[in-house]
Amino acid sequence: FNDYFPDMKDLQFDTKAIREGYRTTQEQEHSEAIFLTSSFVFDSAEQAANRFSKEEPGNIYARFTNPTVDAFEKKLAALEGADACVATSSGMAAIFASIMALVESGDHIVASRNMFGTSIVLLNTIVSKFNVGISYVDLSDLSQWENAVQDNTKLFLLETPSNPLGEVVDITELSKISQANNILLAVDNAILSPALQNPIKLGADIVIHSATKYIDGQGRCLAGAVLGSEAIIEQISAFTRATGPSLSAFNAWIVLKGLDTLSLRMKAHSDNALKLATWLLVQDQVEKVHYLGLESHPDHALANIQQSGFGGIVSFEVKGGRGAAFKVINATEILSITANLGDTKTTITHPASTTHGRLTDNERQQANITEGLIRISVGLEDIGDVINDISKGL
C-alpha cells in the first residue's frame, strides 16, 4: 500500500476527515477499497511466522487485521487526537471490551447513572459477575465522583453529554480527580462525535464510540471504536483479538465514508435541534425541554466551553405522562419511531419504555427518566416539516 497523503498532522479537521487513513492499492482506486476476505496469504512459511510473531507488520486474519478496518481506525484516531484506535462490531462491544481488558476481578468502577440504559444493564448483570464492584454517581457532581473513589477503583465510566437529557460533566476537572488516584477516565463521545468534542484533549484517557450513530450518520450498520494511548489500545486489541467482537470490512467501509461528511452533518443537526428546542419551549403542553443549546439548560455554560456545538438530541417532557407521550409519538407521520439516533432521518422514542426500559423504576427515577419524556434525534429534514409533524400530537 501507498500512503496517499502521508503527513496529516498540520491539516484541519475537515481535511483529515476526508484524507486521513486513505490508502490505495496497485489499482490506484480513488475511493477506499473494501477488503472482503477472511484471511491473507503469505509469500513463505518464514513470512507467516514473522507476521504472527509481530516481527514483520502486515495482514494475517480479518478478525484482527484488515486494511479497510485499519483505515477507519487511523482516520478516527486522527480526528479524536488519539494515538491509537481499535474498531469493534458495535458500541456496546466497545464498552464491554474496554472494561474486560482494563479491569480485573476485585477491582471497582465508578460510573455515571446518567448513561444509556444498556450500559447500566451491562454493568449490573454481566460485569458484576466477575467480582467487579460498581458505584453510580450523578454525572455533573464532581464531589460524588471524588467521594466514590475506593482503593481498588480502576475506571471512571461515563457519557457526556448524557443520553437523553444532555447532562454534562467538566471533563478537565474530573480528569484531575482520576489522575490523582491513578484511575482511567473513559468517556463515551457518541452523542457529539469528534466534530463537536475531543475528550482526550480535555484530559480523558479513553474515548468510546458507537459509530452506529453520528459517525455513520445514516442508520446503515453497526460499528464501535475505542481510542486512547498505544499502551491502552494494545490491551483492548488483545482482548478483541482473542474474543472476536471485531468490525467487519464492509461496515468499516461504511463508517469510514461517513466520516467524510461528519463535520457538515453535525453542524446541521445542531442548527435544526436548536430550532426545535426553541419552538418546544413555548408549547403549552410541554412541561420541560432538555437541550444544551438553550441558555435555560443548567449545563449550557460548561457545554459552551468544552464543546464546539450542542448536537442533535432534544428531549422534552409532556403533561399527562406516558399516555400523552405515546399520543405525541403515534401522531407523527414523517418521524421514524425507533430507538436509534444520529440518523439523517429524525427519530422519536419514549426512553422509559425503550432505551431505558430494562432499568428498575428506582434506577429510572434516579436518572430522571420520566414517563412523559420523549427523545428526538433531530435529523436533516427541513426543520419546519419536523416541527409540524410533532405539533400534531401536541
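Which residues does I215 touch, not counting residues up to four places away in sequence? In this predicted model, the partners of I215 are F72, L76, H209, V255, G258, L259, L262 and R265. I215 also belongs to the largest nonpolar core, which has 32 residues. Within this core, F72, L76, I215, L227, L247, V255 and L259 have the most contacts. Two or more residues each come from α3, β3, β9, α9 (249-258) and α10 (262-281). Helix α3 gives the largest share, 6 residues. A second core of 28 residues is separate and includes A84, V86, V132 and I233. In soluble globular proteins, nonpolar side chains tend to be buried together.

The helices come next. Two packed helices are described by the angle between their axes and the distance between the axes. The axes of α3 and α9 cross at roughly 35 degrees and come within 8 Å. The crossing is left-handed. On the α3 side, T68, V69, A71, F72 and K75 make the contact. On the α9 side, A249, A252, W253, V255 and L256 take part. Helix α9 is mostly covered, with 7 of its 10 residues buried. The buried residues are A249, N251, A252, I254, V255, L256 and G258. Their cover includes α3 and α10.

The model also contains an open sheet of 7 strands. Their order is β3-β9-β8-β7-β6-β4-β5, and the pairing is mixed. Strands β3 (84-88) and β5 (133-137) stand at the edges. Each has a single partner strand, so one side of each is left without a neighbour in the sheet. Neighbouring strands are turned by 20 degrees against each other on average, direction ignored.

Strands of a sheet pair through backbone hydrogen bonds, either parallel or antiparallel. Both senses occur here. Strands β7 (residues 184-188) and β8 (residues 206-210) run parallel and are joined by 3 bridges. V187 has V207 of β8 as its bridge partner. Strands β8 and β9 run antiparallel, with 4 bridges between them. Here I208 is partnered by V226 of β9. Strands β3 and β9 are also antiparallel, over 5 bridges. In that pair, A87 has A225 of β9 as its bridge partner.

Is strand β9 largely enclosed or left open? Of its 5 residues, 5 are buried, so β9 is largely enclosed by the rest of the structure. G224, V226 and G228 point one way from the strand. A225 and L227 point the other way. The residues on both sides are buried.

Helix α4 (residues 91-102) touches β3, β4 (108-112), β6 (153-159), β7, β8 and β9 (224-228). The direction of α4 makes about 150 degrees with that of β8. Helix α5 (residues 117-125) lies across β4, β5 and β6. Helix α5 runs at about 145 degrees to β5.

T65 is found between α2 (45-52) and α3 (67-80). The relative accessible area of T65 is 17%. T65 therefore counts as buried, the cut-off being under 20%. Not counting residues up to four places away in sequence, T65 touches F40, G58, N59 and I60. A polar atom of the T65 side chain lies 2.8 Å from the backbone nitrogen of I60.

Methods
Residues are numbered from 1 along each chain as its sequence is written. This is a predicted model: local features need pLDDT of at least 70, side-chain atom pairs count only at pLDDT 80 or more; totals for chains, interfaces and linings use all residues. Side-chain values use heavy atoms; hydrogens and water are left out. Two strands pair if DSSP finds at least two bridges between them. Axes are lines fitted to C-alpha atoms, for helices over the stretch in contact, and angles run from 0 to 180 degrees between N-to-C directions. Contact means heavy atoms within 4.5 Å. Buried means under 20% relative accessible area, exposed over 50%, partly exposed in between (1.4 Å probe, protein chains only). A polar contact is a pair of N or O atoms within 3.5 Å; within protein, one must be able to donate a hydrogen and the other to accept it, and residues adjacent in sequence count only if both atoms are side-chain atoms. A nonpolar core is a set of buried Ala, Val, Leu, Ile, Met, Phe, Trp, Tyr and Cys residues joined through side-chain atoms within 4.5 Å. A crossing is left-handed if the near helix is turned anticlockwise from the far one by less than a right angle, and right-handed if clockwise.
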